[in-house]
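Colleague: I am new to this structure. Can you walk me through how to read it?

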Number of protein chains: 4
Amino acid sequence: MARMEYRNLGKSGLKVSEIALGGWVTFGHSVNDQQMVRDIVLKAHESGINFFDQADVYARGKSEEMMGAVLRELPRSELVISSKVFWPMSDDVNDRGLSRKHVLESIDKSLQRLGTDYLDIYFAHRYDPSVPMEEIVMAFDHVVRTGRAMYWGTSMWPAARIAEAVEFARSHGLYGPVTEQPEYSMLRRERVEGEILPYTESAGVGLVVWSPLAMGMLTGKYDEGMPEGSRLTDNENWGKNFVTEENRARVKALKPIADELGITRSQLALAWALRQSGVSSVIMGATKVQQVEDNVAASGVKLDAEVVSRIDEILK
Amino acid sequence: MARMEYRNLGKSGLKVSEIALGGWVTFGHSVNDQQMVRDIVLKAHESGINFFDQADVYARGKSEEMMGAVLRELPRSELVISSKVFWPMSDDVNDRGLSRKHVLESIDKSLQRLGTDYLDIYFAHRYDPSVPMEEIVMAFDHVVRTGRAMYWGTSMWPAARIAEAVEFARSHGLYGPVTEQPEYSMLRRERVEGEILPYTESAGVGLVVWSPLAMGMLTGKYDEGMPEGSRLTDNENWGKNFVTEENRARVKALKPIADELGITRSQLALAWALRQSGVSSVIMGATKVQQVEDNVAASGVKLDAEVVSRIDEILK
Amino acid sequence: MARMEYRNLGKSGLKVSEIALGGWVTFGHSVNDQQMVRDIVLKAHESGINFFDQADVYARGKSEEMMGAVLRELPRSELVISSKVFWPMSDDVNDRGLSRKHVLESIDKSLQRLGTDYLDIYFAHRYDPSVPMEEIVMAFDHVVRTGRAMYWGTSMWPAARIAEAVEFARSHGLYGPVTEQPEYSMLRRERVEGEILPYTESAGVGLVVWSPLAMGMLTGKYDEGMPEGSRLTDNENWGKNFVTEENRARVKALKPIADELGITRSQLALAWALRQSGVSSVIMGATKVQQVEDNVAASGVKLDAEVVSRIDEILK
Amino acid sequence: MARMEYRNLGKSGLKVSEIALGGWVTFGHSVNDQQMVRDIVLKAHESGINFFDQADVYARGKSEEMMGAVLRELPRSELVISSKVFWPMSDDVNDRGLSRKHVLESIDKSLQRLGTDYLDIYFAHRYDPSVPMEEIVMAFDHVVRTGRAMYWGTSMWPAARIAEAVEFARSHGLYGPVTEQPEYSMLRRERVEGEILPYTESAGVGLVVWSPLAMGMLTGKYDEGMPEGSRLTDNENWGKNFVTEENRARVKALKPIADELGITRSQLALAWALRQSGVSSVIMGATKVQQVEDNVAASGVKLDAEVVSRIDEILK
């Protein structure tokens, strides 16, 4: 097994593993056994993964709790722990969005659930048009100045809003966002490549991408259609519309390329996302220890121009 | 019963219920039974009120204590708790006004009485011409930076002073006021409409208004004159001069309009204040649970242009 | 007895009593009985004095301890407690001056000795030319931002250096000095009137003056020369050179004026210093309760132009 | 024995002894006996040394622990304690460099090992080109603002990067570096004299220099070649290449000069480094109490122009 490689998170000094472990739609959902979470997290750590991505809203806090219980066993400084704020955690009208009140109250709850004194990265999980940019940036700056997080980032923000936050922070001497967390995969590449990367890469804002396997579609496990009880069926919003005839054909066409390289299609998909120098890390979920072992092997796999070009043909 | 509606406090990200419950001239005055305070506060919370307005000076701290004892039972993040500083709490020469010393000492005392770690909004209860604007804004900025309040606001300030505070804060990278708390009702509208709103609405400063029922005058309970032992008789400064022949005639003339709309005159008066998009919330006091139930129903009542015009005629 | 009057400390919002009680050359020196200190301090408080002035160096910390032990019995917010830093407290090379190290270490020691969480005013006891203005102002700004003092001031600084500190703070968004503490009395007026006041008054920097009685000379007790064992004999630097033939003549000549006004020469001397609107408070020391009673009566005494002019003649 | 002399650290207000005691390549290496460390540190303190220089990486934390255990016995304000961050303390990818994460996590570990609440100076042990200057300066500024260090400095940085840090801090109102710690000795003078001092001296940045005795070479103990088991043999990188024929000849030629002045060649070498007004302190290591006694005597030795010129001839 190749050793994990690390990249700076954008131009920041923080080093993140090329493969990150996320708690989305797994811990607290399909994985409810704490022992299984422990096995997965420890395997990830042992495999060189240092970046563990969470959000308050993943399984309504349960994912933070389950992952946090294991992370607490590990040396804190070796870990890059992130969480997020934006989505409602209850019906309460202030328990959502990016108001100063919600940002500051939420991070304290996340820290509590994770069992740590500080996050490495705190993400604004979506852009909130109902809050002035000034209030958002000053709230996240306050998070950094009070030691509750080392850095902060955005997730799924329009490039223009990331730029606005970066510039507002810079011109006011505040801590600005150092990374964006967009969705990015072979089957959903337009927004990142067309809008986000052209700004973030030149601005030194890192990208950590979620769903690089397109909800598992790129693993090849839906080559023959969607099986009963798969993770995909539980996630209507993102998952199901990946499983189209067209995508199945594409994913099947990727197999010969993966075979030639002696890697799996999962590894090919992760390595493909990481071919972008503007991408710092790709976040995988895992429901089995084996998936961690398989996916970490994608770190360090370099795709040459010819392979990338053949993949472009297939994805067209 | 209609569900409570919420508005952003000015352009800030904080959401406040259209109807707020205040502790002025009720708790610690006419309502001295803690069980009654509890019933009123819990009914308010249950009715969707999230904004609870206090001041150090209300019943000399007793109102904060009585309301705080109940608020402590509720989830902190669901509450928007405010208090205020300016009026003397004792004969001491520094126990008043907006000096840095008084602002910082007072908020700690209010937090103590309320039993909470932070306020959502801390109000400068009046403008203090004896303190430089720089000292005032830096003291309230310090309150926000040290986590003692999420936001701060002004109360009964001249528009020019609010503007000065907003600009001083903006140009120095400090936290500025996000709201003003003026008196505003059908029977006292000139200052808000002529001086305050034209500035605050365009500047994104919210308004939360006190005495929207003109000390009860607009409920109709003084249609036949002032009864013995009413709340009004205890508050010479504001109350008594509302009870004039002219005002009685006006309030009576509002009844047919309320009847047509199938609401009470109280609800009409609250809805009338809330017709202003620049008003974020109206603060009511309550001495009975029933008043809460009656008044919250004003939230969401929309007055059309013709009704507003008829009311203007009556109030002329 | 007239009630104590209060003035704003310069343009700041802090109100200080016209007469302050200082711990210099009394507590820990001539007054070593804690019960006596208690009697004096409580009498001062009861007489309306709210301003208690200390320095680390007064009796090498003992004055802070003795006064602090009494102040702790009183409500903290009613007190304006000051201390100072600059003079060596030991032979250690960093235990002096205005380096960041010394300022921050010293205030914590003063707070400890005084038994309070914060000072109201922290004075830089002298200007320190060996430390850059930037370091001095940022250290005192840090004192204010960390809540260890409400305000800070200078003592015995050249006007140009006060101006430099005020401007550096203002232009960098830092907390600047709000007051200067110079020596000022009928027998030593040139520096304050010629250099300090012309700047401080227009800049809104307050003055609290020490030795307004010229080390007791102005009380008249040296009319017949210096008695054995007087306080003056212990303080060569300031005291002795006041006791000259010329000064004795002046002080005797003031007696008829005081008599006409029905006040003592001490009261006249204090009222004379307070005739300056740019002076916020005069600091007296006391070794007896009676001195407190006598001196506080100077507050509120107004000297008319003719009296001031006659005094000017005498002091020429 | 002459008394220790002290210099301001650059233009800062901090006073450091001309001779400092460092823990590099001694404590935890050749000196593993805590009692010996104690004797050396107490002798240093007794001899007027107030500056104790450490780094996390010296003996992987053991040097901090051993020295800290003794420093804890001494009055904290009399000590100038420094430590450093940059070099890896483990294989972990974030356990190195100047990222915000590493700087903030490392200082807390150093404080823990040293057993103190704050450092006087925290050094960036090398420049880290993989971290933006903005992140570095803001992290060290944060260290100062949160009270974890009084000042910060650089070590072995290019002059251009020191200048960049100073200017970034100054123009953003942040705490900038007040000192650089370069290597400087008779046998390695080019970089300091050619590149560093011309900038630092005019900018008011102090220099504290390490290896002023060229790893012991300048003591004369290698006049006859390198003995077995000497400290030098353990430190290939810096040490060995000092022991050349040419250098041995130079060091021997210095002996008559030292003899004429009635001092040892060690004292001559230290005094020679201190002849630069832009050098604030020279750091010595010690494995024996006697070395401390010998070296502190170099403080205050002034070399006249003729001696300096003769030394220049020898060093050519």
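This is a predicted model: local features need pLDDT of at least 70, side-chain atom pairs count only at pLDDT 80 or more; totals for chains, interfaces and linings use all residues.

Colleague: How many helices and strands does chain A have?

Modeller: Helices (H or I, at least four residues) and strands (E, at least two) are DSSP runs, numbered from the N terminus. Chain A has 10 helices and 10 strands.

Colleague: What radius of gyration does chain A have, and what would a compact globule have?

Modeller: The radius is taken over C-alpha atoms, and the globule rule is 2.2 Å times the number of residues to the power 0.38. For 316 residues a compact globule would be near 20 Å; chain A has 19 Å, which agrees. Its C-alpha trace spans about 50 × 40 × 35 Å along the principal axes.

Colleague: What share of chain A counts as buried?

Modeller: A residue is buried if 20 or more other C-beta atoms lie within 10 Å of its own, exposed if 12 or fewer, and partly exposed in between; C-beta atoms are placed from the backbone. In chain A, 55% of the 316 residues count as buried.

Colleague: Which strands close into the barrel, and in what order?

Modeller: Strands of a sheet pair through backbone hydrogen bonds, either parallel or antiparallel. Here, two strands pair if DSSP finds at least two bridges between them. In chain D, eight strands close into a barrel in the order β3-β4-β5-β6-β7-β8-β9-β10, with parallel pairing. From one strand to the next, the twist averages 30°; axes are lines fitted to C-alpha atoms, for helices over the stretch in contact, and angles run from 0 to 180 degrees between N-to-C directions. One pair in chain D is β8 (residues 179-181) with β9 (residues 206-209), parallel over two bridges. There, D:Thr179 stands opposite D:Gly206.

Colleague: Why is strand β10 of chain B described as largely enclosed?

Modeller: Six of the six residues of β10 (residues 279-284) in chain B are buried, so the rest of the structure largely encloses this strand. Strand β3 (residues 19-22) of chain B pairs with β10(B) in the parallel sense over three bridges. B:Ala20 stands opposite B:Ile283. Strand β9 (residues 206-209) of chain B also runs parallel to β10(B), joined by three bridges. B:Val208 has B:Ser281 as its bridge partner.

Colleague: What rotation superposes chain D on chain C?

Modeller: Two copies of a chain are related by a rotation about an axis and a shift along it. Copies are superposed by least squares on the C-alpha atoms of residues with pLDDT of at least 70 in both. For chain D on chain C, the rotation is 90° with 0.1 Å of shift along its axis (RMSD 0.0 Å). That is the relation of a four-fold axis.

Colleague: How many residues of chain B are in contact with chain A?

Modeller: Two residues are in contact if their C-beta atoms, placed from the backbone, lie within 7 Å. By that rule, 14 residues of chain B meet 18 residues of chain A. On the chain B side, β1 (6-8) and β7 (149-155) each supply at least two residues. Only 7% of the interface residues of chain B are also interface residues in chain A, so these copies meet through different surfaces. Chain A and chain C do not touch, and their nearest C-alpha atoms are 12 Å apart.

Technical notes: Residues are numbered from 1 along each chain as its sequence is written. Chains are lettered from A and ligands numbered from 1 in the order in which they are written.
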